[in-house]
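Please keep the structure open alongside the text.

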2 protein chains.
Amino acid sequence: MLGGYAGKILDVNLENGELKDIPLDEEVLRMYLGGKGLGLKLIYNELRDDIKPFDPDNLLVFVTGPATGAKVPTSGRYHILTSKSPLTGAVGSGNSGGKWGPFLKFAGYDAVVIRGISDKPAYLSIINGKAELVEAPDIWGMTVTAVTPELIKRTGVDPKKTSVACIGPAGENLISMACIMNDEYRTAGRTGSGAVMGSKKLKAILVSGNERPKSANSDMLVEKVAESMDLIRESPVTGPKGGLHVYGTAVLVNIVNAHGAYSSRNFQNSCFTEADEQSGERLTATYLVGTTGCWGCPIVCGRKSSVPEGPFSIRYTEGPEYETIFALGSNCGVKELDAVVKANHFCNEFGIDTISMGGTIACAMELVEKEKIPEEDLQGLNLKFGDAGAMVECVWRTAYKSGFGADLALGSRKLAEKYQAPEISINVKGMELPAYDPRPIQGIGLEYATANRGGDHVYGYTIPAEILGIPKKLDPYSIEGKPEWTIYMQDMDSAINSTVICLFTGFALGLPQYAGMLEAITGMKLDADKLLKIGERITNLERLINNRYGFDRTEDILPRRFIAEPVSKGPSKGQVSLVPEMIDRYYSLRGWVDGKPTEEKLKELGIA
Amino acid sequence: MLGGYAGKILDVNLENGELKDIPLDEEVLRMYLGGKGLGLKLIYNELRDDIKPFDPDNLLVFVTGPATGAKVPTSGRYHILTSKSPLTGAVGSGNSGGKWGPFLKFAGYDAVVIRGISDKPAYLSIINGKAELVEAPDIWGMTVTAVTPELIKRTGVDPKKTSVACIGPAGENLISMACIMNDEYRTAGRTGSGAVMGSKKLKAILVSGNERPKSANSDMLVEKVAESMDLIRESPVTGPKGGLHVYGTAVLVNIVNAHGAYSSRNFQNSCFTEADEQSGERLTATYLVGTTGCWGCPIVCGRKSSVPEGPFSIRYTEGPEYETIFALGSNCGVKELDAVVKANHFCNEFGIDTISMGGTIACAMELVEKEKIPEEDLQGLNLKFGDAGAMVECVWRTAYKSGFGADLALGSRKLAEKYQAPEISINVKGMELPAYDPRPIQGIGLEYATANRGGDHVYGYTIPAEILGIPKKLDPYSIEGKPEWTIYMQDMDSAINSTVICLFTGFALGLPQYAGMLEAITGMKLDADKLLKIGERITNLERLINNRYGFDRTEDILPRRFIAEPVSKGPSKGQVSLVPEMIDRYYSLRGWVDGKPTEEKLKELGIA
């Protein structure tokens with residue numbers, strides 16, 4: 001076997017309770033590495049074009065990569081996939097930190113594939129190689145922060161060697177923006193995998209173990225890691241005095257706002273006057289009580305926070321991240337950082353993706369502003385841009401489908417369709433957009449339009465180059481070279497998410513470093529080009545699955561607002577997105593026709 | 001048949017879907033009138049000593065009286081009973097206004113008896129004499145404010161002639177302080193009848209109709225009503241310029257606080273420095289947007305309110321009442337009236353008794369203050385006296401058993417027992433106490449201790465005499481004559497709640513007026529003494545049922561705090577409750593031994 005892997009997959013059939021060990025196929029690993037790539041391959045092997053999100057045979061896959069749990073920086077990550085996302089209808093996919101990934105591997109498995117629907121609510125425990133399905137109707141309904149310590153207590157394992165991934169009430173209630181949380185505050189947030197887990201009546205997976213896989217070449221690994229660690233430490237972004245550690249991801253608030261790309265009021269504006277009141281600097285000065293990092297991470301961007309008093313008081317929580325502050329803050333016109341801290345906590349506690357939640361609330365607020373929602377449907381809820389209390393209230397109402405929350409639980413696309421104003425949902429493929437206005441950042445707009453999982457920023461993260469000049473400065477207003485760069489970042493990020501390590505290393509490292517560390521771990525012969533090719537293969541396989549579901553170029557588009565409405569004020573005034581001018585070149589470079597890989601391309605990549 | 005009655009009871013068996021008409025027994029009406037009395041008799045007829053609250057044969061009874069829907073003032077009321085309350089273990093009982101009672105009668109029935117448990121969630125409709133059980137799993141989970149208009153729309157009836165009584169999520173989730181709401185904002189709040197309805201999977205009862213029962217003597221009724229109306233109009237409490245109409249029930253806040261009986265911080269203090277900030281006067285000056293009255297009511301004490309902005313904004317709601325402001329406000333140390341308005345709305349929306357909710361939150365806050373609850377159990381909730389946001393959060397968390405809400409949902413008695421500090425729950429027979437500190441008001445203390453449904457103030461409302469001097473001034477600090485007065489008020493209130501009209505008429509009317517109007521409606525020969533005897537019979541029957549469940553004098557006690565801890569500051573400094581000195585005289589006057597009616601007493605009253 002290649003180094004770095006545990007060597008087997010746990011296959012769980014909830015229909016009959018059968019648990020099977022499936023050995024890893026080395027050839028598949030050489031083509032897809034692990035993480036996102038391996039998960040997509042497992043899904044592709046059993047793909048049914050007509051599958052529905054809550055069908056028993058919608059696979060739910062948890063998968064680590066060769067670097068997960070290895071002695072490399074940021075090796076605390078894993079990937080979650082579903083055959084079909086309830087939010088987008090495309091393949092579902094997300095990536096999470098914490099320590100769940102490493103401890104799955106230390107418990108003896110590289111991946112878990114969940115199929116079927118359990119008769120009664122249950123959880124899965126994998127402890128030192130022994131997997132067990134346990135019926136536990138009494139934990140159904142528990143919040144994430146309640147069930148996590150409860151299961152650790154119940155199984156009697158050492159908390160230090162254990163991690164729990166679970167759903168909250170949102171997943172149980174099949175809400176399409178529900179996510180799976182691990183270690184209470186970490187999540188593969190997007191595409192609604194929590195609802196798929198909820199549909200299977202699987203509340204949690206507890207992993208615990210000691211077994212660390214060996215690397216193929218330890219000496220080489222030490223050398224390669226030392227090189228990467230130097231680069232990470234020296235970076236003004238990832239180093240110990242860097243923005244991510246000192247201010248958290250929210251360090252981006254003021255930077256992106258200054259660029260006129262920190263949208264507000266459901267992307268009606270492209271900057272937010274009160275941005276500084278919710279910046280990383282402000283968070284550090286107010287509610288920050290400590291920092292926290294994922295397993296094996298030298299960057300430590302996680303925030304521990306507390307709001308000691310006021311209407312949004314909370315004794316202890318973690319976060320919020322940049323994306324969350326945007327989504328629940330400026331995008332809802334809300335300036336109060338304490339309200340965002342509180343709403344973020346609710347999202348974690350109930351298992352809701354903060355970006356989709358904020359995008360849906362913002363959509364609802366614009367629907368109210370434009371008088372699309374009858375007063376009686378609101379049942380008293382004061383859904384106005386800037387109403388911090390209403391924003392916070394929307395979160396728990398969504399989790400419990402309570403009152404107007406039953407409408408919010410639809411997600412922004414179906415909500416806006418219900419009220420006959422589909423253009424007010426700011427989504428791509430049904431997924432709400434993240435925290436960069438695409439009008440003044442052309443590359444990220446192309447990523448939003450073409451990302452396989454819907455309106456996404458981290459499966460082709462062009463922001464370092466376009467905003468920060470890392471690894472090189474690209475003019476954000478220009479489309480020159482952007483299709484090329486977006487493709488490069490998409491394929492590199494596919495490789496990183498299959499490795500699996502943290503994308504934030506990309507502020508300091510590049511393909512040569514990733515390839516070097518991977519070679520040392522696995523023993524595969526790798527270099528930058530080979531690794532990028534693996535990434536391209538993964539991106540194409542993901543695209544192919546979506547094509548099988550009927551997706552084509554008609555879905556590779558941005559909301560009309562970004563094409564038809566130039567930015568009205570602020571630093572980026574006058575900008576529009578030029579995705580329509582870039583898309584054909586993007587397809588041509590990809591070897592795609594109408595959003596679909598050609599036979600030749602698939603052959604070239606070795607995809608059946 | 002006697003005048004004023006529709007003449008029949010609808011008997012609903014949810015087990016097999018059978019609906020039966022049961023004719024009223026005139027002899028029973030002469031002994032128990034209707035409302036509370038008739039409901040108790042129906043329950044007593046089928047009583048099983050070992051019944052449990054969520055057993056199928058726990059009867060849920062909705063019952064009007066001869067005055068309900070008649071042309072008399074405040075005839076909009078009805079009574080709800082359950083064989084056994086999930087909160088107290090005693091017989092469950094509550095009284096509500098709005099217009100549900102009259103429209104049940106106009107639909108052709110005096111009462112509805114619900115037995116069994118439905119297989120699927122269902123609602124009952126009674127439209128112009130035709131009753132129908134309708135399976136409707138899709139309305140399960142809806143809030144009170146959502147399901148009420150939905151059912152009116154679905155059945156296509158005239159909203160003006162229709163009323164809906166229903167449960168919210170709290171009832172569905174079997175929370176022992178859940179109530180049944182009618183007309184969205186009215187409720188028979190106490191003893192957890194909503195949880196019994198939830199256990200039966202019955203979401204709602206819609207009533208609609210036109211059929212008005214005739215009175216026995218219309219001329220006499222016109223005359224008697226004219227006399228009563230004059231008294232109501234002339235009263236400084238119930239008249240058009242009276243406190244109840246101008247300021248709502250919250251007119252009592254400043255009055256009771258000035259007396260040193262407006263408790264705060266879980267009854268640790270007996271007055272509240274910030275009382276004026278949550279007074280009826282303040283409500284009128286801030287969030288009041290209109291007034292509203294129950295069916296047939298000349299007093300119109302209901303409040304329409306709105307909080308246009310701030311962290312507790314709400315576009316429209318009704319209330320809050322005096323009891324609610326105390327329970328969710330001062331008793332939780334919360335001064336912010338907008339937070340109380342919001343929390344009250346949540347209680348209505350989710351179907352929760354505001355008094356028990358506030359008492360339970362206050363208990364939890366004191367448990368935290370005294371360090372009885374481990375930090376990890378709170379999961380971030382900032383449960384401190386005075387934290388308005390935490391108080392509001394507790395309400396919806398209770399409805400959904402969300403996080404620490406699962407503990408709050410136990411009610412204060414079980415909560416305090418769980419954390420091994422039972423003395424911190426301020427309850428009698430498991431029911432949280434209302435808004436009058438019993439130390440400086442001796443009569444109400446005796447009522448709290450002896451009321452059959454637990455810690456109650458309106459089944460023997462001594463406050464008018466002890467605080468307002470109506471109909472005569474009694475020294476509140478003195479126990480002189482208090483057993484007599486408490487018994488008198490308990491029996492009179494039993495009669496009023498069986499009539500059924502509003503207790504607030506008691507600020508202006510007395511037994512002669514009630515007897516006169518009842519005689520004109522029914523044709524029974526009545527006077528003050530006869531009516532009081534009926535009241536006594538009802539009080540005794542209720543006590544007898546509780547005795548069958550095992551209740552005796554050991555349950556007729558106040559929380560230790562009121563006996564052992566004198567009021568520490570404020571106008572009533574130094575007072576303690578003297579219930580232990582009054583209880584034997586109370587029993588002796590009652591003809592009870594150790595809290596149980598003797599055979600002689602029962603015989604005298606004609607109770608089998």
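## A lysine in a loop

In this predicted model, Lys214(A) has a relative accessibility of 70% and therefore counts as exposed, the threshold for that label being over 50%. Lys214(A) belongs to the loop of chain A between β12 (202-208) and α7 (218-234).

Once neighbours within four places in sequence are set aside, Lys214(A) is in contact with Gly3(A), Gly4(A) and Ile521(A). Gly4(A) is 210 residues away from Lys214(A) along the chain, yet their C-alpha atoms are separated by 5.6 Å.

## Aromatic pairs and a cluster

Over all chains, a search of the whole structure finds 46 aromatic pairs. One of them joins Phe267(B) and Phe326(B), whose ring centres are 5.5 Å apart and whose planes meet at 65°, so the pair is edge-to-face. This pair links distant parts of the chain, since Phe267(B) is in the loop between α9 (252-258) and α10 (280-285) of chain B, whereas Phe326(B), 59 residues apart from it, is in helix α11 (residues 322-329). Phe267(B) and Phe326(B) are both buried.

For Tyr587(B) and Trp592(B), the ring centres are 6.4 Å apart and the planes lie at 35°, so this pair is tilted; both Tyr587(B) and Trp592(B) are buried. In chain A, one aromatic cluster is formed by Tyr262(A), Phe267(A), Tyr322(A), Phe326(A), Tyr436(A), Tyr461(A), Phe504(A), Phe507(A) and Phe562(A).

## Lysines over tyrosine rings

In chain B, Lys8(B) lies over the face of Tyr109(B), at 4.8 Å from the ring centre, and the charged end of Lys84(B) sits over the ring of Tyr549(B), 4.2 Å from its centre.

Terms used. Residues are numbered from 1 along each chain as its sequence is written. Chains are lettered from A and ligands numbered from 1 in the order in which they are written. This is a predicted model: local features need pLDDT of at least 70, side-chain atom pairs count only at pLDDT 80 or more; totals for chains, interfaces and linings use all residues. Side-chain values use heavy atoms; hydrogens and water are left out. Helices (H or I, at least four residues) and strands (E, at least two) are DSSP runs, numbered from the N terminus. Buried means under 20% relative accessible area, exposed over 50%, partly exposed in between (1.4 Å probe, protein chains only). Contact means heavy atoms within 4.5 Å. Rings of Phe, Tyr and Trp (its six-membered ring) pair if their centres lie within 6.5 Å; planes under 30 degrees apart count as stacked, over 60 as edge-to-face and the rest as tilted. A charge sits over a ring if NZ of Lys or CZ of Arg is within 6 Å of the ring centre and within 35 degrees of the ring normal.
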